[in-house]
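Hi everyone, thanks for coming along. Let's bring it up on the screen.

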Amino acid sequence: MANPRSLIVLSLAFVFMINSALATAVTYNVASLGAKANGKTDSTKAFLSAWAKACASVKPVVIYVPAGRFLLRNVVFSGPCKNNAITFRIAGTLVAPSNYGVIGNADNWIFFQHVNGVTISGGILDGQGTALWACKASGKSCPSGATTLGFSNSNNIKVSGLISLNSQMFHIVVNGCHNVKMDGVRVSASSNSPNTDGIHVQMSSGVTILNSKIATGDDCVSIGPGTSNLWIENVACGPGHGISIGSLGKDQQEAGVQNVTVKTVTFTGTQNGLRIKSWGRPSTGFARNILFQHAVMINVQNPIVIDQNYCPEKKGCPGQVSGVRISDVTYQDIHGSSATEVAVKFDCSSKYPCSKIRLENVKLTYKNQVAVATCSHAGGTAAGMVQPTSCL
């Protein structure tokens with residue numbers, strides 16, 4: 001057994017090392033590099049200047065954004081860098097141009113690529129997307145819109161205490177990354193804002209999303225192809241379209257999704273709760289080893305749903321069946337209220353039926369009455385109290 005005194009000494013040494021690293025960090029204040037906190041002057045060059053200095057440093061670096069509103073056009077922060085400890089400490093707000101055409105044709109507003117060890121702490125990102133949403137609603141020809149914050153081909157990323165407001169398109173995208181932790185993130189956009197997914201993860205492993213509150217017009221969290229070892233815990237969703245694995249199977253050759261845990265989540269007035277969806281056409285994709293645990297549904301239209309016949313506008317898939325294989329999906333301790341009579345819907349592929357679906361201690365009601373479960377091409381088991389009565 002380890003000596004308690006030696007453990008204390010080791011702990012103190014570790015704390016000292018962390019504090020020493022922070023103490024030796026070089027700090028660049030964007031205001032000192034020409035950024036103006038008036039929300040009107042383009043501060044993009046100052047941010048890029050701070051990044052160039054930070055990336056070239058062999059010591060840890062803090063890029064400090066003071067209080068105020070800083071106007072940024074679309075900006076790319078590229079690595080690799082000479083150190084693996086760059087922290088954006090944001091006390092103020094980064095604001096996108098009010099004219100959506102300025103960044104609307106770019107894929108991303110704020111984009112990190114090929115970086116390692118970047119932390120974003122605090123701050124507000126204001127995507128000013130409302131004008132673009134209105135343009136799309138009017139049926140006019142509009143830009144597709146930019147993702148507010150994107151990470152691509154990057155490792156060891158941490159985002160904490162960040163607020164994303166009114167993104168043009170997706171709020172946060174993690175693509176091709178490993179070891180990403182998001183904690184205390186808040187996402188806010190109107191329930192009728194199109195394609196404003198809160199956090200989208202794809203082709204990434206070791207992503208953790210904790211203690212976050214997401215209110216938006218699309219999926220609160222969307223989980224795309226190639227995602228593995230994803231952990232989502234203590235997330236409140238609503239309004240929005242729920243937490244969705246998919247859409248999968250859009251491409252014929254596609255990486256699968258596996259080892260996903262979603263626990264201690266609350267859905268309020270959302271279109272879906274816990275959803276898996278795939279296109280109704282051939283694909284090599286799959287979803288397996290999924291755990292949904294401790295979820296509360298409050299007036300949710302589709303609390304538990306697997307939809308393998310997704311075919312928007314009935315284009316590119318009518319008459320075909322999904323090739324995505326769904327297996328080993330567990331729903332444990334799911335309770336609350338459904339806004340529709342069908343609270344559990346498993347609509348699986350006729351060619352590759354869902355297998356090893358497990359329902360354990362599920363209680364969902366509809367207008368204080370017993371709800372309904374429907375199954376098509378789904379196999380599995382039920383244990384404990386399961387209401388509505390399992391159709392597996």
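Before we start, one term: I'll call a residue buried when its relative accessible area is under 20%, exposed when that area is over 50%, and partly exposed in between. Please also keep in mind that this is a predicted model.

With that term in hand, let's go to Cys-348. Its relative accessibility is 2%, so Cys-348 counts as buried. Cys-348 is joined by a disulfide to Cys-354, with 2.0 Å from S to S. And is Cys-354 buried or exposed? At 3% relative accessibility, Cys-354 counts as buried. The link between Cys-348 and Cys-354 is left-handed, with -100° about the S-S bond.

How many disulfides are there in the whole structure? A search finds six. If you number the bonded cysteines in sequence order, the pairing reads 1-2, 3-4, 5-6, 7-8, 9-10, 11-12. I'll show you two more of these links.

Here is Cys-135, which forms a disulfide with Cys-142; the two sulfur atoms are 2.0 Å apart. Why is this one called left-handed? The torsion about the S-S bond of Cys-135 and Cys-142 is about -100°, so the disulfide gets that label. Now look at the surroundings of each partner. Cys-135 counts as buried, at 7% relative accessibility, whereas Cys-142 has a relative accessible area of 22% and is partly exposed.

Next, please find Cys-220 and Cys-237. They form a disulfide too, their sulfur atoms 2.1 Å apart. This link is right-handed, with 80° about the S-S bond. Cys-220 lies in the loop between strand S18 (205-215) and strand S19 (221-223), while Cys-237 sits in strand S20 (residues 228-237), so the pair ties together parts that are 17 residues apart in sequence. As for accessibility, Cys-220 is at 0% and counts as buried; Cys-237, at 2%, counts as buried as well.

Definitions and conventions:
Residues numbered from 1 in each chain as written. Predicted model: local features only at pLDDT ≥ 70, side-chain atom pairs only at ≥ 80, totals over all residues. Heavy atoms only, no water. Disulfide = S-S within 2.5 Å. Buried < 20%, exposed > 50% of the residue type's maximum accessible area, 1.4 Å probe, protein only. Helix = DSSP H or I, 4+ residues; strand = E, 2+ residues; numbered from the N terminus.
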